[in-house]
Amino acid sequence: ASPKPLAGKTAIVTSGPTHEPIDPVRYIANRSSGRQGHAIAAALAKLGADVTLVSGPVTIPDPDGVTTLHVETAAEMLEAVTSHLPADIAVMVAAVADWRVASSADQKIKKMPGEAPAPLMLTENPDILKTVGHHEKRPRLVVGFAAETQNVEENGRSKLQRKGADLIVANDVSPQTGVMGGMRNQVKIISETAIDAWPDLGKDEVAMRLAELIAARLA
Ligand code: C5P
């Protein structure tokens with residue numbers, strides 16, 4: 001095989017959380033370090049792909065050999081992703097917040113002594129993976145993640161259908177697994193026809209195996 005099997009291919013990867021403002025100083029977010037998404041972007045680039053990484057707020061450095069765009073909210077992430085279509089490959093790893101505050105405040109919300117806190121009205125965020133999976137410029141290979149704490153396989157399978165993905169990388173992120181924020185990951189690769197359980201691996205190894213699988217599927 002060629003040492004650069006993804007040469008000439010373009011890829012878009014999302015990574016990290018999104019931050020949805022409540023007011024100028026507060027936000028809603030999911031837990032995500034960005035480690036797995038950033039590692040996947042780097043691995044695709046190592047195999048020769050031209051990679052755009054759309055990252056939410058993270059504390060880890062931009063990977064080498066990749067064009068990294070920094071965004072805060074799901075709406076910004078969606079805009080950055082769709083404006084980079086067409087692409088050959090999309091790998092949506094970001095832990096996008098499902099909801100945002102319906103109308104975030106322009107000024108810091110003040111804590112009023114003795115008064116009940118104001119309720120937060122939430123509205124649903126766009127689903128970036130689902131949008132890409134059903135887009136008129138849909139990439140040839142669309143990969144999503146399913147971070148679950150139970151029924152990992154069932155939830156992964158239904159996500160494959162619903163989101164229009166070719167592959168779902170499903171993992172158990174229950175606190176006792178140490179996956180969130182950690183360096184290791186144990187995943188199941190779910191496709192239309194099979195479920196492949198990978199051993200516990202470093203996130204860099206998961207990334208390289210996934211990049212190789214993507215290259216094989218595009219070959
Ligand atoms: O539905 P759920 O959030 O569990 O799906 C996870 C997959 O969908 C991940 O690949 C994630 O990046 C993607 N996703 C997205 N936009 C959302 C929610 C999830 O791209 N608003």
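Trainee: Let me start with Glu 153: is this residue buried, partly exposed or exposed?

Mentor: Welcome! Keep in mind that the model is a predicted one. To judge exposure, count the other C-beta atoms within 10 Å: a residue is buried at 20 or more and exposed at 12 or fewer. Glu 153 has 15 of them, so Glu 153 is partly exposed.

Trainee: Where does Glu 153 sit, and which residues does Glu 153 touch?

Mentor: Glu 153 belongs to helix 4. Leaving out residues up to four places away in sequence, Glu 153 touches Ala 170, Lys 188, Ile 190 and Ile 195. For a sense of scale, Glu 153 and Ser 104 are 49 residues apart in sequence, and their C-alpha atoms are 36 Å apart in space.

Trainee: Which two residues does a cis peptide bond join?

Mentor: Here you read omega. The bond between Leu 85 and Pro 86 is cis, with omega about 5°. You can find Pro 86 in the loop between helix 2 and strand 6 (89-92).

Trainee: Helix 2 came up there. Which of the residues of helix 2 are buried?

Mentor: An α-helix has 3.6 residues a turn, so residues three or four places apart point the same way. In helix 2 (residues 74-82), the buried residues are Ala 74, Met 77, Leu 78 and Val 81. They cover an arc of only 100° around the axis, which puts them on the same side of helix 2.

Trainee: What covers the buried residues of helix 2?

Mentor: The cover includes strand 1 (10-15), strand 2 (19-23), strand 4 (50-55), strand 7 (99-101) and helix 3.

Trainee: Let me step back to the protein chain. How many helices and strands does the chain have?

Mentor: There are five helices and 14 strands in the protein chain. The radius of gyration is 18 Å, close to the 17 Å that the globule rule gives for 219 residues, so the chain is as compact as a globular protein of that length. Along its principal axes, the C-alpha trace spans about 70 × 35 × 30 Å. Of the 219 residues, 40% count as buried.

Trainee: What share of the contacts in the protein chain comes from residues 24 or more positions apart?

Mentor: Take the contacts with a separation of 6 or more: residues 24 or more positions apart account for 63% of them.

Trainee: Now the ligand. Which residues come nearest?

Mentor: There are 14 residues around the ligand, and Val 96, Ile 128, Leu 129, Gly 144 and Phe 145 come nearest. Helix 3 (128-133) and strand 9 (141-148) each supply at least two residues of this shell. The largest share, three residues, comes from strand 9. Sorted by class, the shell has nine nonpolar, three polar and two charged residues.

Trainee: Which residues does the UniProt annotation "binding site" cover?

Mentor: According to the unreviewed UniProt entry, the annotation covers Asp 98, Lys 108, Pro 126, Asp 127, Ile 128, Leu 129, Phe 145, Lys 159 and Lys 163. They span 66 residues in sequence and the farthest two C-alpha atoms are 37.4 Å apart, so they do not all gather at one spot.

Trainee: Where do Lys 108 and Asp 127 lie?

Mentor: Lys 108 is in the loop between strand 7 and strand 8 (122-124). With 11 C-beta neighbours inside 10 Å, Lys 108 counts as exposed. Lys 108 touches Asp 23, Pro 24 and Val 25, not counting residues up to four places away in sequence. Asp 127 is in the loop between strand 8 and helix 3, and Asp 127 counts as partly exposed, with 18 C-beta neighbours inside 10 Å.

How values were computed. Residues numbered from 1 in each chain as written. Predicted model: local features only at pLDDT ≥ 70, side-chain atom pairs only at ≥ 80, totals over all residues. Near = placed C-beta within 6 Å. Helix = DSSP H or I, 4+ residues; strand = E, 2+ residues; numbered from the N terminus. Nonpolar A, V, L, I, M, F, W, Y, C, P; charged D, E, K, R; others polar. Arc of directions from axis to C-beta. Contact = placed C-beta atoms within 7 Å. Rg over C-alpha atoms; globule rule 2.2 N^0.38 Å. UniProt positions renumbered as here; feature names shortened; annotations may be inferred.
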